[in-house]
Amino acid sequence: MEIIIGKYNYWIYISLMMIGFYAMIAKKNLVKKIVGMNIFQTAIILFFISTAYKKDATIPILVKSQEVINPAQYINPLPHVLMLTAIVVMVSTFGVALAIIMMLYKQYKTLDEDEIIEILKKKK
Amino acid sequence: MNLTEHASILIIVIPLIASFINIFLIFLKRTLCYPFFLLVLGICVILSIDILSTVISFGTLRYKLGGWTPPWGIEYVVDHLNAYLIVIVSSISFIIAIYSKDSIKKEIAKAKLPYFYSTYLLLTTGLLGITITGDIFNLYVFLEIASLSAYALIAIGEKRSVLASFNYIIMGTIGACFYLLGVGYIYIITGSLNISDLTRLLPSLYESKVTLTALAFFVVGIAIKIALFPLHRWLPDSYTFAPSAVSAFASATVTKVGIYVLIRISFTLFEPRFLTEITPLSNMLIWWSTIAIFFGSIIAIGQRDFKRTLSYILIAEIGYMVLGVSLGNKEGFIGAVLHILNDAVMIACLFMIAGGIFYRVGSRNLEDFTGLNKNMPITMSAFILAALSMIGIPPTAGFFSKWYLILGAIEAKYLISAATVVFSSLVNALIFFRIFEKIYFTKKEVIPQYTFRELPLSMMIPIIITALAILIIGFYSGEIISSIIKFTVPAGF
């Protein structure tokens, strides 16, 4: 019980990741695959951000008048910054994937994986 | 300003900015795009050679980005291994840029050419960035720059390339995300992202489960990116249907840079003893790569499409390099690092020849290769050279790296792996001699009467350069090992 409640953020990230993973592998619709991919990536953002959190800590802004700095008072800003970059990467991946889905739709007039494979088989 | 001092940052910034300038050149003058593109890659080659010579004479280069001292700032570290890979990536990218001039015109619409050049420059930036950076998160960003441009480049190929590219996106994203998770775990336990800092911090944490989880995520993530056998599904389709210049460039560099990341993670981030004594990773990777070599070669026999055959041979070659890296002795490691260079040159040459045949004959099917030596004698001679090197016949380059790999496997007492390398060479011989027979020894009656002549000069020259490079690397492999590769062998071997 302790391991579930005490580390609930990891459980949530793992379950989110598995939902995304399932959608990427099992769903037949290509757009659903891409959405699964996004959930998968968002789970990683959650993972990074939740590790930065400290209880009763505040945002890391330095006040000039303050002389003694206690690191325990502030949450860790670095994972947030890393995730800003990762979000940019994820958005661009999503954009490229959507562009490719558009090309696929123009070619096959469908977004269902099975139907596309059948069209390809017929061509052979 | 001292150029040499800033060479390690310029080699990233120049192609990155050039790729955006290239798009604006469309509005100025369309014909300028190609010369500009070639010029930028030429500058990269010069800079990379400059970096290599600096590293050889003065040792490891360190560049602090924006003056921030590591481990807080991002640091670019260039040692012998990086410098070696930078030269490979930038030269291959320059050579194939020459090749792409005529070959790409036939495959994509003329209006889209400048965008092709821009994406190509971005791919080069990403690959150079992966090799040069000394920060594991920065490496992830460059990995994604390289992958995103690779997805786009593959999708502009034939009709079926779009679906291949989609599958590549799905697989590649899983790989990159696993890598990012590995970075996350490493960051949680050490609080640092700098590779040299981590080398210092990690040894006391080897017993921790978090370190082991991070390693597992790293290895699986990279294995997807380099298409190690059971995770190879994206590779054959992508490289078969991509434009010929793209498949030559991507096959020669993307997977090799992945191998470099594997070497960095397993021998710079962690110590060799972590892989052999604390975790069974080394042993696991040896068997994994042996299976990859075996199945890559077996599947390659059954293919009728030339580019697809080459893709499966490439999968076997990736197995060689992973085998050499994981053997954990000096010979195996030298073999792997030497094979990065040899395989990059060989596979680039073979894919360029495949593209050349496609350019003239319009087919990749092996059945249509009959009697091509009448029409394209020089290309076919280059093909023989590259194929002999792929089989591993001395004095071509492929022989030396395979020799070291087999020595390493025997020394580590993995006789089955050594036998698999020999077996795979024999399979390569079978595949290529079958093609030679088609090209040279078919009866005159069956030969179709083609009217075309040799390839255009811009496609001929890169093929000849790489074919000669195979011979030259073969002759000078001793010097390459003693002046560069010897210093890349990690301590503790």
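**View 1. Buried residues of helix H16 in chain B of a predicted model.** Thr379(B), Met380(B), Ala382(B), Phe383(B), Leu385(B), Ala386(B), Ala387(B), Leu388(B), Ser389(B), Met390(B) and Ile391(B) are the buried residues of H16(B). The helix is mostly covered, with 11 of its 15 residues buried. Its buried residues pack against several helices of chain B, including H13 (306–326), H14 (330–361) and H18 (415–440). H15 (372–375), H17 (397–411) and H19 (457–475) are also among these partners.

**View 2. The length and end of H16(B).** H16(B) runs over residues 377–391. From first C-alpha to last, the helix reaches 21 Å, close to the 21 Å expected at 1.5 Å a residue. Gly392(B) follows H16(B). The phi of Gly392(B) is positive, near 100 degrees.

**View 3. Helices H3 and H10 of chain B.** The axes of H3(B) (residues 80–107) and H10(B) (residues 244–269) come within 8 Å. They cross at roughly 170 degrees. An angle over 145 degrees counts as roughly antiparallel, so H3(B) is roughly antiparallel to H10(B). Among the residues that meet are Leu85(B), Ile92(B) and Tyr99(B) in H3(B), and Phe249(B), Lys256(B) and Tyr260(B) in H10(B). The residues of this contact divide into 15 nonpolar, five polar and one charged.

**View 4. Where chain B touches chain A.** Here 20 residues of chain B are in contact with 23 residues of chain A. On the chain B side, H5 (136–155) and H6 (161–190) each supply at least two residues. H6(B) gives the most, with 12 residues. The chain B side divides into 15 nonpolar, three polar and two charged residues.

Key:
Residues are numbered from 1 along each chain as its sequence is written. Chains are lettered from A and ligands numbered from 1 in the order in which they are written. This is a predicted model: local features need pLDDT of at least 70, side-chain atom pairs count only at pLDDT 80 or more; totals for chains, interfaces and linings use all residues. Axes are lines fitted to C-alpha atoms, for helices over the stretch in contact, and angles run from 0 to 180 degrees between N-to-C directions. Helices (H or I, at least four residues) and strands (E, at least two) are DSSP runs, numbered from the N terminus. Angles under 35 degrees count as roughly parallel, over 145 as roughly antiparallel, 65 to 115 as roughly perpendicular and the rest as oblique. Two residues are in contact if their C-beta atoms, placed from the backbone, lie within 7 Å. Ala, Val, Leu, Ile, Met, Phe, Trp, Tyr, Cys and Pro count as nonpolar, Asp, Glu, Lys and Arg as charged, and the others, Gly among them, as polar. The expected span of a helix is 1.5 Å times one less than its number of residues. A residue is buried if 20 or more other C-beta atoms lie within 10 Å of its own, exposed if 12 or fewer, and partly exposed in between; C-beta atoms are placed from the backbone.
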